[in-house]
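Trainee: I am new to this structure. Could you show me how to read its features, one at a time?
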Amino acid sequence: LRRRRFLTMSIAAVGVYVINDWWRSRAKPLIQRVTNFVTPQLNFFSTSINPAFRPSISEETFQLEIHHEEGRRIALSLAEIRRQPRLQQHRTLVCIGNPVGGASVGNALWTATPLSLLLERVVRDQDPSGLRVVFYGLDGFYSSVPYPVAVDPDSMLAYEMNGRPLPSRHGYPLRVLLPGRYGMKQPRWLEKIVITASDESGYWEKRGWSDSALINPLSRIDSAKPIGSGLWKVTGIAFCGDKAVGSVELSADGGETWKRTRLTSSAQRHVWTTWEVDWRPSQNGEHILAVKVTDQDSRKQEGAFDGAFASGSTGLHRVVVKV
């Protein structure tokens, strides 16, 4: 009886896995989106351990605490942080839980200050080898990275989004921006930074998610619309994390042939690239479109489908378009 029960449960588990894998990889009806280079704040995704969390923060009394476990400690007001060297950069964020073709990815213009300038004031002449930097948010979320990642020239503390102060749901008054990492490594509502020699990881990392959280190359089909004379215009986005997009290709025949698209925004590191292509359907009816990206170093997007856990989803976005 026990063997029979075990066999039944094993078969059921395999069945669930096969069905889930089939559903994840099958082409789905296209959700028509507008392809914008900059994502409006209201449309920018937000993922949180407590979606209802909205702290009440006084700009006059807020202080960011930064300390080294060896004893060096500083506290900075928001006004002091804003007086630091000022950067304005586009940066794309993507949630590690974002499925293939999902909406949990967005691009914004961030106003920020280099994180290294603040951390180096605390570490000073001490040997930074083996150190980790832990970021704590007011919502109880925290994550950490090795010290070299935190002092990378592209690591920043952001206080404006698309030319305005950070909205509450996006981390007012401060959030972390790190290069080439999924959003789970970049806490919002930042209140404290601790530099430690201990192997502290983070909220999601302790639940089995990737500690490195390096972004997998992704591409997405946003829209397909007729433009006359039998042609359709297909648009979308592609993102390769800390590598610039090299090329984006579209297939309309199940992956037998691929057509290179036109990049409609400049290819940059840490920023998604928009693309478009003119497509002439061979006949009326349903067509399956697929897209893939190759980065500037010729690394191709992974075609095999895998779920988001524990290192981010992989697979090509495939959609059904009815002509």
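Mentor: Start with strand pairing. Two strands pair if DSSP finds at least two bridges between them. Keep in mind that this is a predicted model.

Trainee: In which sense do strand β12 and β13 pair, and over how many bridges?

Mentor: Strands of a sheet pair through backbone hydrogen bonds, either parallel or antiparallel. Here strand β12 (residues 218-228) and β13 are antiparallel, with nine bridges. Look across the pair: Ala224 faces Val234 in β13, and Pro226 stands opposite Trp232 in β13.

Trainee: What happens at the turn in the hairpin of β12 and β13?

Mentor: Two residues lie between the strands, and Ser229 takes a positive phi near 55°.

Trainee: Which strand order does the open sheet have?

Mentor: The order is β12-β13-β17-β16, four strands with antiparallel pairing. The edge strands are β12 and β16 (262-263), each pairing on one side only. Between β13 and strand β17 (residues 273-279) there are seven bridges. Trp232 has Trp279 in β17 as its bridge partner.

Trainee: Why is strand β13 described as largely enclosed?

Mentor: Buried means under 20% relative accessible area. Seven of the nine residues of β13 (residues 231-239) are buried, so the rest of the structure largely encloses the strand.

Trainee: How do I read a nonpolar core?

Mentor: In soluble globular proteins, nonpolar side chains tend to be buried together. The largest nonpolar core here has 41 residues. Leu64, Ile66, Trp110, Leu119, Phe135 and Ile193 touch the most other members. Another core lies apart from it, with 18 residues, among them Ala224, Trp232, Val293 and Val321.

Trainee: And aromatic rings?

Mentor: A pair of aromatic rings is described by the distance of the centres and the angle of the planes. Rings count as a pair if their centres lie within 6.5 Å. The count here is eight aromatic pairs. Phe44 and Phe45 are stacked, at 5.5 Å centre to centre with 15° between the planes. Phe44 is buried at 2% relative accessible area; Phe45 is also buried, at 16%. The centres of Trp209 and Phe309 are 5.0 Å apart and their planes are at 85°, so this pair is edge-to-face.

Trainee: Where do Trp209 and Phe309 lie?

Mentor: Trp209 is in the loop between β11 (190-196) and β12, and Phe309 is in the loop between β18 (286-295) and β19 (317-322), so the pair ties together parts that are 100 residues apart in sequence.

Trainee: Which charges lie over a ring face?

Mentor: Lys192 lies over the face of Tyr136, 4.8 Å from the ring centre. Lys292 lies over Trp258's face, at 4.3 Å from the ring centre.

Key
Residues are numbered from 1 along each chain as its sequence is written. This is a predicted model: local features need pLDDT of at least 70, side-chain atom pairs count only at pLDDT 80 or more; totals for chains, interfaces and linings use all residues. Side-chain values use heavy atoms; hydrogens and water are left out. Buried means under 20% relative accessible area, exposed over 50%, partly exposed in between (1.4 Å probe, protein chains only). A nonpolar core is a set of buried Ala, Val, Leu, Ile, Met, Phe, Trp, Tyr and Cys residues joined through side-chain atoms within 4.5 Å. Rings of Phe, Tyr and Trp (its six-membered ring) pair if their centres lie within 6.5 Å; planes under 30 degrees apart count as stacked, over 60 as edge-to-face and the rest as tilted. A charge sits over a ring if NZ of Lys or CZ of Arg is within 6 Å of the ring centre and within 35 degrees of the ring normal.
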